[in-house]
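Subject: Structure handover

Dear colleague,

Here is the structure for your files. My notes on a sheet and some helices follow below it.

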Amino acid sequence: MGRLALILSLMLCAAPAAAQEFATLKGHGGPIMGIAVSPSGQVATGSFDNSVGLWDALTPTWLEGHAAAVTALAWGPEGTLVSGGDDFAVRAWGDPPRVLGQHQGKVAALAVSPDATTVASGSWDGSIILWPLDGGEDTSGGADGGTALPSPGAGVNALAFEGSDTLYAATMAGALLRYDLTSAEAPLAIAQHGFGINRLAVGPGWIAYGAVDGGTRVLDLASGAQLADLTLDRRPILALAYNAPSHQLAVGDGEGYIMIVDTESWQITRDFRATRQGPVWALAFSPDGSVIHAGGLDDVAYAWPVEALDAFEPGITGERSFLRAAETMPNGERQFMRKCSICHALTPGPSRKAGPTLHGVFGRRAGTVPGYSYSPILDGSDITWTETTIDALFDQGPDHYIPGSKMPMQVIAGGSDRADLIDYLKQATKGE
């Protein structure tokens, strides 16, 4: 058997968490926003397509329930998967799956306590809520069943437990806070960065954070003193992952690099360009630290063997059509690529994208594409998609034209831009 055939055979037969070759997890319909690996090595991915992928080797099982992008994932030590999303919901994927509760804004951070009893969720609405993981009633109506912590003073981007009684939080205002969960007192400020802190990772005696301005620093948990400054001239920091057995910290940034750090010496051991363009939004190690999983603009998650990172070319292409140079597209196509393409396909048939296909949209009543789960406001709507209604949709914005729909806010202010988009859609979505 030739070397290429052998590599392909190994990729097909081995789970990415154990493989020592580059592997891809394909099937999502949008960018990968979150990745988490369980203590047993099971990989979970969260996507802009509103779904969670649970991977058996290279084969996904789709966990559906979120009404918007899945932005945060966390595994508990006993194998319970928790997800949060742009729909403000926190969901636990047990048997049966259930909604733990709701925030009033995007869920940006999740952490499960080491004793597996509690999920902490943080939101851009400026709240942190503790949810019990020991069963109980569905609390999808709000925070009933959850305990709100004292306000962190700004939107929350990251959470991390140290033991089961101490929770660290990072905010959009650049605060790094410590909560003593045995008391109801306000959090203690550990550090104040000049820009928002996006990510946290806790190790033995230290905490690392990554910020909007590219700041990547490590602090002593006891004293707050700085142990290391890993800042490079790249920004923002969008992902952190720590693996205790291998003493490795991974850092992902907006310019497409994954930096691997030895946390015993605080030396950078690898600095790998993972994307040709675009960000690294999500990182997670395999349990033994031999593989790093990453996600970004592609609708594919990637797994690289850490020891061989330097041998690989960038895997995440970032070659989304909405990133093409503006001068290469007619204006109508450009409007579609920028405003619509990440959620909607133009081809017939089912799609894993967040929105229904637009194939044959003109003359179609809203909420009628077979197999797509619409929001209640569109299920049974009397709107029919025509030049007039599509123009009104983008003139007013979906949240005004169809209040309560799942469509993100997208306004096209220029009348000529809307007309060009409509002309493009009339040609690109023709039904048979």
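Two strands are taken as paired if DSSP finds at least two bridges between them. The model is a predicted one, and on that criterion four of its strands make up an open sheet, ordered β10-β11-β12-β13, with antiparallel pairing. At the edges are β10 (107–112) and β13 (147–148), each of which pairs on one side only. β10 and β11 (residues 118–123) run antiparallel and are joined by five bridges. Among the residues involved, V112 has V119 of β11 as its bridge partner.

Next, the helices. Helix α2 (residues 331–339) is largely enclosed by the rest of the structure, because seven of its nine residues are buried; the cut-off for buried is under 20% relative accessible area. The buried residues are N331, G332, E333, R334, Q335, F336 and M337. They pack against α5 (415–428).

α5 is also in contact with helix α3. The axes of α3 (residues 387–396) and α5 come within 10 Å, crossing at roughly 135°. α3 is therefore oblique to α5. The crossing of α3 past α5 is right-handed. On the α3 side, the contact involves E387, I390, D391, F394 and D395, which meet R418, L421, I422 and K426 of α5. By class, the residues of this contact are four nonpolar and five charged, with no polar ones.

Regards

Note on methods: Residues numbered from 1 in each chain as written. Predicted model: local features only at pLDDT ≥ 70, side-chain atom pairs only at ≥ 80, totals over all residues. Heavy atoms only, no water. Helix = DSSP H or I, 4+ residues; strand = E, 2+ residues; numbered from the N terminus. Buried < 20%, exposed > 50% of the residue type's maximum accessible area, 1.4 Å probe, protein only. Contact = heavy atoms within 4.5 Å. Axes fitted to C-alpha atoms, helices over the stretch in contact; angles between N-to-C directions. Parallel < 35°, antiparallel > 145°, perpendicular 65-115°, else oblique. Left-handed = near helix turned anticlockwise from the far one by under 90°. Nonpolar A, V, L, I, M, F, W, Y, C, P; charged D, E, K, R; others polar.
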